[in-house]
Amino acid sequence: MRGLSSLASRASPAIKTISEEAYNHRKFNRENPTKRKPKAALSLRSTDKFATPSRGKSGSKSPSLSFNSNILISDRNEEFRVKSVDHQYISEILSRKDWFLLINHEYKAKRISLNPRLLVSILQNQENPLHPLRFYIWVLKIYPLLAKNQSVRSALANVLYRKGPVILSVELLQDIRNSGCVITEDLLCILIGSWGRIGLSKYCAEIFGQISFLGLSPSTRLYNAVIDALVKSNSLDLAYLKFQQMPLDNCNPDRFTYNILIHGVCRIGVVDEALRLVKQMESLGCSPNVFTYTILVDGFCNARRFEEAFKVLETMKERNVSPSDATFRSLVHGVFRSVDPSKAFELLSRYLEKEAVLPKVVCDTILCCLSDNKMPKEAALFLMKTREKGYFPDSSTFNITVTCLIRGLDVNKTCEILDSFVEQGLRPCFNTYISLIEALFKAGRDGEGNCYLNEMLQVGLVSNAYSYNMVIDCFCKASMMNRASETFREMKQCGIDPNIVTFNTLISGYSKNGDIDKARSMLEMLLEHGFKPNVFTFSSIIDGLCRAHQIGDAFNCFNEMVEWGVAPNAITYNILIHSLCVVGDVAKSMKLLRRMRANGINPDVFSFNALIQSFCRMNKVEKAQNLFVSMLALGLIPDNFTYCAFIKALCESGRLDEAKELFLSMEANRCIPDSHTCNLIIDALTQQARFEEAKLIARKYSNQGISPNSIPVL
């Protein structure tokens, strides 16, 4: 099999130097051009008919996103119009001391046009946070109305948060004044907001105390900005201090002020203080709005006071305040976040039973939470019950739910539910269909799987390389390689070009099914199409060779990866480590594990499990324990396979107490025992007539949905 493992070497990789292209970027003066470094591209050098250049690897220059590179600032081309923005050029202007004059010149020369989309683009594409601030200040001077646009303000706030902070230094203030501009209340609010998000609470308070030097006076809006910043930076005490200072500056708190503080106290679970603030707010003539109530709902959920959260919704009805989608989502997510998912489902179901009309967003969110928590039985029950009351999920929610049902519910019931909704006009997405088809094929129900596949084809869901690859993968996982090959041919007949994923999927499928010759043919075809084998390609071939017990060829292929410039990953090493353990060469497996770490690749749980299981089978528990300690040192969480190996070895060597102690430590180490692990320790205890201990374990995990074996004499 050396011929197969060396097939890839027919086209060895090489660095091919392409022609260097250097160009001068637009200059600020004729004597000082800015040059960019040339780039080299990696390509394949052909050594035989299979090694054609990879597709899409041409060395063509990227299209310019800028002004015409021949236009200088000093040019007076009044007819020039900008079709796109050169962010680098604008950044270079904004980095200069005379930035304001230069930007003005570009604007007067009509090389910059002002609109919200262009302005947002410029703000978002500056690396130095000072540059978007300068550009915004210029816009504030030239076009104040545009500077007040909400999308523009949000873009500036986000860039100052992500790339800031920008500090109001003496130099910056002088720079702004020299440009004939000022710090406005709008701009200061944006700056304070960015400091708050970063956590600079003291700086927010310090600047607010010196606003008179900026030519500004305290206002309710500025107070709201600084209180909001302090709340976001977890400085609630300082926020309250500013709130109490408002009357001293003749500033009256408004609904925004109270909502900010209510949000702050609800976030830390002090809901009674939030209720006090609501009463104070109402006494001043400010009625709570939908945002106030939404914050209260979230706060009550955080405090596990669910009945009061539901009462907030009743209060909203009484006061003719319509709950928003955010209100309902806060309720559902808050309940699921704060209690056990089963209890959350019970509470929310009870709430919905009282509702004559089911709020759609509540039902959608409950289904998503049930799916996230892997509760297929509850999701199926809820879906059918709510449909009787007129609820019909949207396509997105339905697809999420059906995916959950496929993974945890009887396939018959899943098909029944899906068909009933399809009859009512709901259309599953491609991923839902393919997951169901895969489950049916896996269950040996090819006929039903084919029906859904035909249905998917009829509605046009299989129309590109991605969808064909998924169908091929589905057949490969079901070991239906003839069907996978047929789909591959149909794909080409439809004029859809296969990509590297297509070939890798087929190579993996043939390798796992032990058909090395077919895997070899697909590798040849991959090369003929101009693709370079990647780590997935090599790992699949190595896996196939190991499954065929051709370990020598597998290692030859492993070594040839280097010739191709392809670095093995953890999966590649794991395949070889596992295969060596299977044939009993544990010493070589250990060497490979050390080599893996020496090459900078972190082993995972699978890397260690193969070796731990081998040592345990050989009754070398101490060596296995050393590996276990190494696992924990790397921050890896042992799984059921790890624990099963130890428990079985300890039980067989008469160390039952140690085995039980290890079993009981699993949950503390973030590993929930599965039925196999539970049965292993229960059987061992039963064999030693330790029935009470076995009974306790069985009872505990039965309550968690795990089915242990029956225990005699209970």
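Q: Cys616: buried or exposed?
A: Cys616 counts as buried, at 7% relative accessibility. Buried means under 20% relative accessible area, exposed means over 50%, and partly exposed is in between (1.4 Å probe, protein chains only).

Q: What kind of model is this?
A: This is a predicted model, where local features need pLDDT of at least 70, side-chain atom pairs count only at pLDDT 80 or more, and totals for chains, interfaces and linings use all residues. Residues are numbered from 1 along each chain as its sequence is written, and side-chain values use heavy atoms, with hydrogens and water left out.

Q: Back to cysteines. What is a disulfide, in general?
A: A covalent bond between the sulfur atoms of two cysteines.

Q: How many disulfides are there here?
A: The count is zero. To score, two cysteine sulfur atoms must lie within 2.5 Å.

Q: New topic: rings. How many aromatic pairs does the search find?
A: It finds 19 in the whole structure. Rings of Phe, Tyr and Trp (its six-membered ring) pair if their centres lie within 6.5 Å; planes under 30 degrees apart are stacked, over 60 edge-to-face, and the rest tilted.

Q: How is the pair of Trp99 and Phe100 arranged?
A: Edge-to-face. The centres of Trp99 and Phe100 are 5.5 Å apart, with 80 degrees between the planes. Trp99 and Phe100 are both buried.

Q: And Phe208 with Tyr223, what sort of pair is that?
A: The ring centres of Phe208 and Tyr223 are 4.7 Å apart and the planes are at 65 degrees, so this pair is edge-to-face.

Q: Which parts does that pair tie together?
A: Phe208 is in helix H10 (residues 201–208) and Tyr223 is in helix H11 (residues 220–232), so the pair links parts 15 residues apart in sequence. Helices here are DSSP runs (H or I, at least four residues), as strands are (E, at least two), numbered from the N terminus.

Q: Which residues do ring pairs link into a cluster?
A: Tyr107, Phe135 and Trp138.

Q: Where is Tyr107?
A: In helix H3 (residues 99–108). Tyr107 is partly exposed, with a relative accessible area of 31%.

Q: Which charge sits over the ring of Phe421?
A: The charged end of Arg387, 4.5 Å from the ring centre. Such a charge has NZ of Lys or CZ of Arg within 6 Å of the ring centre and within 35 degrees of the ring normal. Lys588 lies over the face of Phe555, at 4.4 Å from the ring centre.

Q: Now salt bridges. How many?
A: The structure holds 31. Each is a side-chain nitrogen of Lys or Arg within 4 Å of a carboxyl oxygen of Asp or Glu.

Q: Which partner does Asp272 have?
A: Arg305, with the closest N and O atoms 3.1 Å apart. Asp272 is in helix H14 and Arg305 is in the loop between helix H15 (290–302) and helix H16 (306–318), so the pair ties together parts 33 residues apart in sequence.

Q: What does Arg305 do with Glu308?
A: Their side chains meet in a salt bridge, 2.7 Å from N to O. Arg305 is partly exposed at 24% relative accessibility. Glu308 is partly exposed at 28%.

Q: What about Lys518 and Asp515?
A: A salt bridge joins their side chains, at 4.0 Å from N to O. Lys518 is partly exposed, at 38%. Asp515 is partly exposed, at 27%.

Q: Which residues form a network?
A: Lys148, Arg153, Glu185, Asp186 and Arg221, joined by salt bridges that share partners.
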